[in-house]
Amino acid sequence: MRKLKGLGLWLPVGAVAALGLAVWGVWTYRLTETNSGYAIAMEAQDQRHFNDMSRHVEQMQALLGKALVTGSPGQNMRYMADVYTHSEAAATSFHSLPLPAQLGAGTGKFLRQVGDFSASLLRHEAAGREMDVASRAELGRLRTEAANLSAQLQVINADHNQGGFRWNAPPRFTWYTLRHGYHPNADPVTTQDQAPANLIPAGWDQVRAAMDKLPVMVYDGPFSDHVNARRPAMSGAPVARPEAESRMRAYLPGSQGYRVTDVAELTTNLPAYSFRLDPATAAPGAARGGAGDNPGWTTTVDVSKNGGFLVQLLNSRMVGNPTIDLARARALGQAYLSSVGYPGMIAAYGEVRDGIATIQYAYQEHGVLIYPDQAKVNVALDNGEILAVDARQYLMSHHPRSLPAPQLTPREAEDRVNPDLAVARVQLTLIPSLSGADEILAYEFLGSLGQDAYLVYINAESGGEEQVLQQVQTDGGTFAL
Amino acid sequence: MGRRIAVGLLLALLLVTAFSWPASAQPRTTLRWGSRGGDVTVAQRRLATWGYYRGRVDGIYGRLTYGAVITFQRRNRLRVDGVVGPATWSALGYTGRAAAPAAVRPRTAATSRSDEQNLLARVISAEARGEPYEGQVAVGAVLLNRVSDPRFPSTISGVVYERYAFEAVSNGTIYQPPAATAVRAARDALNGWDPTQGAVFYWNPAKPVSRWVWSRTIHKRIGNHVFAR
């Protein structure tokens, strides 16, 4: 009797528990099924990107070979354009793979540099200059490297086909995953998590080793290695920290209202002291580590160590309702730049967003607008305060120049412009070359075709067309594409 | 750094050259009930982004637009008359000149730029919430430095969504709306401000990171982040 009574109590409890366990079991099974479904789908994605990449590298290799064989410049230009297309596509596929930066940097750089180099050869040939012996040798070397990479990719692919590795895998039940969980999307480089690191196929280490050994490439393009080594054009005697601080006080508008909280040092090829300031009225430390969205209002001023020039200024004060207009802001920015030692700057572009005017200035000399020597200023439209300054490009490139005299008159240059463009204005300018290493004297024509405004640059010495930019009007101003 | 500057010069050219304060500058037209046209669209769009206007952006000043303008004027202590004159225009953030042809021109380029700014702002907001403003601009600058570095993808979205690249993408916080300071930081970064002078990596030294990352050249420390190339 008593026994039955006990059973009567435990039976429903046991039944509910068993049902619960069954539901939990089925649900876990379904989750596992879904997870492995996701892993399979991701595997297909990654393997597709990998195969795409292999295919594009193979094509690069073949096209570079053809470019070496052909005797016709026209045909060669076609191959160079195709190499560029395939190397960009290979890079895009490559960057879609789940590889950490540590393993991928060299390969990504190789792919983009081959494309960039081909594009620079294409530009030279389009301008009528024949490919020289050095470029030819470089193409041969790149072809060999592309062939080597292609062979290594095939080894990795064979490994994948034989089940040697998977890009993704559903979590396996181990003591490690039970204790630490499973983070398939965590970067093994920054988290030191061993689980995803095991997924990276061994072959990539060999690819990385080969890619990191490649020699530097120097040519006329934005990714050329030589642009890495540039030094600032504006330099001077080293400035000690107290001197830099007094200069900072002179550069910062209303500096008596601020208190220095921290000084950092920038160790780059434009070394600088970086002063962090809080408004003197704020409670100590209130501006940093503040709550949530708005960490408060801080100001940073960078002063260069060599020469004590103003490099950068950044003030995060929130602005109120505008009381001044863009034209006034332009004048304020110009006067400010002149007062901190950057005279002769002409406003070239401006945009208003949320009560702040961003204005770009370029240096003008003998009526020539020198675009490489540019500086940017943010002006608050509520009280005209200078909120931000960026003078890095000016410091990097401003030096005394002996400007060449233009070989063409503006009218002769205008004859080179597409006659469909209705020209509204012409201006003599100095523009950077595509690699940023050289400067070109060019006439800038502002004109319109249909609804759109364009800027066309005609080389003032050779008469060649250097650049076309589209001008875009937004609600707050203009910018160029 | 050098490459950053070189590409910066290119950008300089791209940005700086946009010239000419529109020669045909004219003040925004005054809008009232029944007004139509591009300026109404501009006002409706701004009122909609700020949460005052819930109707369709159709360029017609009707009942809903009137309601939105009235509420906007009341909250901003303007004269509550439902007329969008110079004072209301300026409170809406449009000072002075209107780019009249812009309203009819295809806006794809401007739109894609604002999409990029939004994506950048969301990454900054998720990755650098609570950091000083300088640190928020710096995170945006790191993303843009990667775009112009051959070791990384060549588009902003490519850099952001690269596998393993950003924690905010891995944990989904990137899909939250950005904080106001992050929007401004994204804009400053897109306009070329870079407190790190060319960094392409950053990490929080308080968290465990690999020895490889520490082998990078450190440029600067801002708040809780170390920036390096």
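This is a predicted model: local features need pLDDT of at least 70, side-chain atom pairs count only at pLDDT 80 or more; totals for chains, interfaces and linings use all residues.
User: What distance separates the C-alpha atoms of Gly172(B) and Ala126(B)?

Analyst: Along the chain, Gly172(B) and Ala126(B) are 46 residues apart.

User: Are helix 6 of chain B and helix 9 of chain B parallel, perpendicular or oblique to each other?

Analyst: Helix 6 of chain B covers residues 133-147, and helix 9 of chain B covers residues 180-190. Their axes come within 8 Å and cross at roughly 50 degrees. That angle makes helix 6 of chain B, relative to helix 9 of chain B, oblique.

User: How many nonpolar residues are in the contact of helix 6 of chain B with helix 9 of chain B?

Analyst: Helix 6 of chain B contributes Tyr133(B), Gln136(B), Val137(B), Gly140(B), Ala141(B) and Leu144(B). Across from these, helix 9 of chain B supplies Thr181(B), Ala182(B), Ala185(B), Ala186(B), Asp188(B) and Ala189(B). Of the residues in this contact, 3 are polar, 1 is charged, and the nonpolar ones number 8.

User: Is the crossing of helix 3 of chain A and helix 8 of chain A left-handed or right-handed?

Analyst: Helix 3 of chain A (residues 101-126) and helix 8 of chain A (residues 203-212) have axes that come within 8 Å and cross at roughly 55 degrees. The two are therefore oblique to each other. As helix 3 of chain A passes helix 8 of chain A, the crossing is left-handed.

User: Which residues of helix 8 of chain A meet helix 3 of chain A?

Analyst: On the side of helix 3 of chain A, the residues are Leu103(A), Gly106(A), Thr107(A) and Phe110(A). The contact divides into 5 nonpolar, 2 polar and 2 charged residues. The residues from helix 8 of chain A are Trp204(A), Val207(A), Arg208(A), Met211(A) and Asp212(A).

User: How far apart are the C-alpha centres of domain 1 of chain A and domain 3 of chain A?

Analyst: In the domain assignment of chain A, domain 1 comprises 15-169 + 197-229, domain 2 comprises 241-397 and domain 3 comprises 410-480. Between the C-alpha centres of domain 1 and domain 3 of chain A, the distance is 36 Å.

User: What percentage of the residues in chain A is buried?

Analyst: The secondary structure of chain A consists of 12 helices and 13 strands. Of the 481 residues in chain A, the buried share is 40%.

Key
Residues are numbered from 1 along each chain as its sequence is written. Chains are lettered from A and ligands numbered from 1 in the order in which they are written. Domain bounds come from an automatic or database domain assignment. Axes are lines fitted to C-alpha atoms, for helices over the stretch in contact, and angles run from 0 to 180 degrees between N-to-C directions. Helices (H or I, at least four residues) and strands (E, at least two) are DSSP runs, numbered from the N terminus. Angles under 35 degrees count as roughly parallel, over 145 as roughly antiparallel, 65 to 115 as roughly perpendicular and the rest as oblique. Two residues are in contact if their C-beta atoms, placed from the backbone, lie within 7 Å. Ala, Val, Leu, Ile, Met, Phe, Trp, Tyr, Cys and Pro count as nonpolar, Asp, Glu, Lys and Arg as charged, and the others, Gly among them, as polar. A crossing is left-handed if the near helix is turned anticlockwise from the far one by less than a right angle, and right-handed if clockwise. A residue is buried if 20 or more other C-beta atoms lie within 10 Å of its own, exposed if 12 or fewer, and partly exposed in between; C-beta atoms are placed from the backbone.
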